[in-house]
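User: I would like to learn how to read the salt bridges and the sheet in a model like this one. Could you take me through them step by step?

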Amino acid sequence: MTRERYVDVEPGVRLWAEECGAADRPPLLLVMGALASGLAWPDELVALLAERHRVIRYDHRDTGRSTWAFDENPYPISRLAEDAVAVLDAFGVDRAHVVGMSLGGLLAQLLVADHPDRLLSATLIGATALSTTPYVGPDGARVPVEELPGPSERLLEFWALPPEDRDLEGELDDRVEHWRALAGDALPFDADWFRERERAIVAHTGHHAPGSAHALADPSGLLRTDELAATEVPVLVISAPAEPVAPAPHAEHLAQVIRGARLAEIPGMGHALPPEVHAPLAKEILRHTETA
């Protein structure tokens, strides 16, 4: 059974949130990426996690059914991590397992560093490290963070396209092509599945206008080098071999710079959550939360 509610995080800012699974199970908070509604966590994956957890997902501000007001009330990226804490407070959760994807993986690192007392564990997917510690390659060579590979050329070209005022079907076309670029080339791409997911998100949101707030939010002050190196929060890093946003070796770097972090690979996975990865991803997350 799912239960929805709204969370007032500050005057004039309200977040939509939903929980499913038995209330007496260990809580697990899902934190999605930039400009993405909480419904970007596929229902099928949520259901697998809810077999053993009280799963909470929510819409960031300026996504989904949450308040869209960045122009009147701008905020830094770090504020989104505090929103995650406010969601836990609203549901009466003292400590939770947290799973963050993409920007959500950065926010989860902020929670590990700044609010370790609120976490049972963290799982990071498709994220880069909030650390200046160099990456150490298999040959022992130290590679400065700024020299690690960035997003694929295909994605950079896609992101550079000017925004357009599209009708619903045109917007869905664009979102599907974005997911095609994000998913990588290792697994078959089911355009119809992604289209229906985005159609459901549009229906949930109430409009199909694309957001831009998180791309405009101040990204400064996010580094947590020392805190991540000293954390006692159990951390799992998901390695996605077809990842085009934070390509190899970013997952390995995360596992190096976060104290005690464990690395697990999901074969074929890119920067997306198609049906093929639901079962193996849920298996790794649940293995982590059970042993944390």
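User: Is Arg-3 buried, partly exposed or exposed?

Analyst: Arg-3 counts as partly exposed because its relative accessibility is 25%, where buried means under 20% relative accessible area, exposed over 50%, and partly exposed in between, with a 1.4 Å probe and protein chains only. This is a predicted model, in which local features need pLDDT of at least 70 and side-chain atom pairs count only at pLDDT 80 or more, while totals for chains, interfaces and linings use all residues. Residues are numbered from 1 along each chain as its sequence is written, and side-chain values use heavy atoms, with hydrogens and water left out.

User: Which residue does the side chain of Arg-3 meet in a salt bridge?

Analyst: Side chains of opposite charge can pair when their charged atoms come close. Here the partner is Glu-19, at 3.2 Å from N to O; a salt bridge requires a side-chain nitrogen of Lys or Arg within 4 Å of a carboxyl oxygen of Asp or Glu. Because Glu-19 belongs to strand β2 (residues 13-20) and Arg-3 to strand β1, the pair ties together parts that are 16 residues apart in sequence. Helices (H or I, at least four residues) and strands (E, at least two) are DSSP runs, numbered from the N terminus. Glu-19 counts as buried, at 10% relative accessibility.

User: How many salt bridges does the structure hold, and which residues are linked in a network?

Analyst: The structure holds 26 salt bridges, and a network of them links Arg-166, Glu-171, Asp-174, Arg-175 and Glu-198. Within it, the closest N and O atoms of Glu-171 and Arg-166 are 3.3 Å apart, and Glu-171 counts as buried at 3% relative accessibility. Elsewhere, Arg-224 and Asp-114 meet through their side chains at 2.9 Å, N to O. Since Arg-224 lies in the loop between α7 (213-216) and α8, and Asp-114 in helix α3 (residues 103-114), this pair ties together parts that are 110 residues apart in sequence.

User: In what order do the strands form the open sheet?

Analyst: Strands of a sheet pair through backbone hydrogen bonds, either parallel or antiparallel. In this model eight strands form an open sheet with mixed pairing, in the order β1-β2-β4-β3-β5-β6-β9-β10, two strands being paired if DSSP finds at least two bridges between them. β1 (2-10) and β10 (262-265) stand at the edges with a single partner strand each, so one side of each is left without a neighbour in the sheet. Strands β3 (residues 27-31) and β4 (residues 54-58) run parallel and are joined by four bridges, with Pro-27 standing opposite Arg-54 in β4.
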